[in-house]
Amino acid sequence: MIEEQVILVDENDNKIGLMPKLEAHEKALLHRAFSVFIFNDKNELMLQRRAMHKYHTPGLWTNTCCSHQRDGESNLEAGRRRLQEEMGFVTDLEEKTSFIYKAPFDNGLTEHEYDHVMVGYFNDDPNINPDEVESWKWMSLEAVKADIAENPQLYTAWFKIIFEKFYEFINVNK
């Protein structure tokens, strides 16, 4: 199996090349990514707990799904594809904002991503892929914010950054 490629970008999100995903994380090179936030009619956020065998941040809670765009794939196409692959459903998505972050991990890898944040709505239970997702739950944004403050070690770096800096873009209860 050929390793997945990520799209290397500059600080304006212009494509500058492709690289195997693991190599990009080893070299901490800026690459395109996305984070999907799915809400239900009660304005609760669907969180996922990452599978325990993931190569970084295993077992941590995070947004509904996240990954990397494939070459030639739009942000929204990538978000819908990965939502199906990880959570077993598809819904319409809307891109809300984007930002650059860099987060080193204990295993020597670094996420350095130009992250596109998308929001969608869904009211049923997901059909999670156990290769990707350990478990899932619905939580209000207020409860998530409080739990991140109390237990930051239980959440992924990008999820905490989005909650700290981009809360207004994901807060659908405005």
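Guide: Axes are lines fitted to C-alpha atoms, for helices over the stretch in contact, and angles run from 0 to 180 degrees between N-to-C directions. This model is predicted: local features need pLDDT of at least 70, side-chain atom pairs pLDDT 80 or more, while totals for chains, interfaces and linings use all residues. Numbering starts from 1 along each chain, and side-chain values use heavy atoms, without hydrogens or water.

Visitor: How are two packed helices described?

Guide: By the angle between their axes and the distance between the axes. Here H3 (residues 141-150) and H4 (residues 157-165) have axes that come within 11 Å and cross at roughly 115°. Helices are DSSP runs of H or I, at least four residues, and strands are runs of E, at least two, numbered from the N terminus.

Visitor: Which residues make the contact of H3 and H4?

Guide: Contact means heavy atoms within 4.5 Å. H3 brings Leu141, Val144, Lys145 and Ile148; H4 brings Phe159, Lys160 and Phe163.

Visitor: How is empty space found?

Guide: Rolling a probe the size of a water molecule over the atoms shows where it is left. On a 1 Å grid over the protein atoms alone, with a 1.4 Å probe, a pocket is an open set of points with protein on both sides within 12 Å along at least five of seven lines; lining residues have an atom within 4 Å of a point.

Visitor: How many residues line the largest pocket, and which lie nearest its centre?

Guide: The lining has 24 residues; Glu4, Lys21, Tyr55, Ser67 and Arg82 lie nearest the centre. H2 gives the most, four residues.
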